[in-house]
Amino acid sequence: MTDAAENLAYLCPPALLLRARAMGRVPVAVAGANAAHVLESVNWAREFGLIEPILVGDKDWILRHVATHDASLADVRIVAAADEEDAARLAVSLVHGGEAKLLMKGHLHTDVLMRAVLQPEVGLRTGQRLSHVFAMIWPGAPGYLLITDAALNVAPNPATMLHIMRHAVRVAKVLDIAEPRIAMLSATEERSPAMASSVAAGAFADEFQAEAAELGCAITGPLALDVAISKHAAKIKGLQNDKVAGAANICADYFEFAGRPG
C-alpha cells in the first residue's frame, strides 16, 4: 500500500454532517468507550455539535485517557462497566430508558452488542426486523451507494428480505435518493439452480416489482456487482437499456456467505 493510500481519511459528506448538526445535539450512549479511536470520534462529533455523549465502559481507563489526551471530554458523563457485556447492557438500557436517543458501538464485539439490543424486555426491539445498511460515497461518485444487508442477516428468506428492502428504501429516501435503483446481487445475471443466490435474487426481484413501482423504485436481479454499478460492464452484458444495471444505488446482498457479524 502506498503512503498516500495509508493516509487517506475516512470522510463523511459535508452536506450530511451539516444536515445532522441542524437537528441539534443528540444524546448518545457509547458502548465500550474505553478506546482511543472511539473517544477521538466522540470528541469530534461533540465539538461539531452533533452529539452529547454518555461514555459507557472501563471508567478508570476513560478518566486516565481524558486527563492526558481529551480534556474537552472532562465534563462528559461516564457510566462504569465491568466488561464489554456489561457495557453493552448498560448502554442499551440508557436508550431503552430514554436517557439517550442513539446507541453507538465502541470498542466491543458486534455480537455482544446485538445480544443486548435484542433482549426481549430491556432491549431495543421495535417489532420490525433489524437490518444494516452501508451508505458509501467516494470522490467522483454520482451519489450514494447503499449496500444491504452485509452485517446482520445471513442468507435471508423472502420475508426477511422484504423487511431489509423496505428499510433500505427508507434510508435512500432520507438521503434524498429520488429514484432508488435496486440490484439484487448474485455472481451472475442468469438464474442457475446450481447457484441458489441467483434464483433467490431473481425471484425476489419479480415479487417486489409492484411494490417497487409504488415506492418510485426500479429493481433488477440477479446482477453481479460489477454489472450493477458499472455502465461499461452492463453494456458488455447487453444490459445497457436496463433501468438498474450500471446505475444501481441500492445493492441487496443475496450471497449465501454474506452478512456474518464480526
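I take a residue as buried under 20% relative accessible area, exposed over 50%, and partly exposed in between. The model I am reading is predicted.

Entry one, the count. I looked up the salt bridges and found nine.

Entry two, arginine 166. I read its relative accessible area as 34%, so arginine 166 is partly exposed. Its side chain meets that of glutamate 211 in a salt bridge, at 2.7 Å from N to O. I noted that this pair links distant parts of the chain, with arginine 166 in helix α7 (residues 158-174) and glutamate 211 in helix α8 (residues 196-214), 45 residues apart. Glutamate 211 is also partly exposed, because its relative accessibility is 22%.

I found a salt bridge between the side chains of aspartate 75 and arginine 46, with 3.0 Å from N to O. Here too distant parts of the chain are linked: aspartate 75 lies in the loop between α4 (59-68) and β3 (77-80), arginine 46 in helix α3 (residues 36-47), and 29 residues separate them. Aspartate 75 is exposed at 57% relative accessibility, whereas arginine 46 is buried at 11%. I then traced a network of salt bridges that links Arg46, Glu52 and Asp75.

I checked aspartate 86 and arginine 89, which form a salt bridge with their closest N and O atoms 2.5 Å apart. Both sit in helix α5 (residues 84-96), and they are three residues apart, so about one helical turn separates them. Aspartate 86 counts as buried at 16% relative accessibility, while arginine 89 counts as partly exposed at 47%.

Methods:
Residues numbered from 1 in each chain as written. Predicted model: local features only at pLDDT ≥ 70, side-chain atom pairs only at ≥ 80, totals over all residues. Heavy atoms only, no water. Salt bridge = Lys/Arg side-chain N within 4 Å of Asp/Glu carboxyl O. Helix = DSSP H or I, 4+ residues; strand = E, 2+ residues; numbered from the N terminus. Buried < 20%, exposed > 50% of the residue type's maximum accessible area, 1.4 Å probe, protein only.
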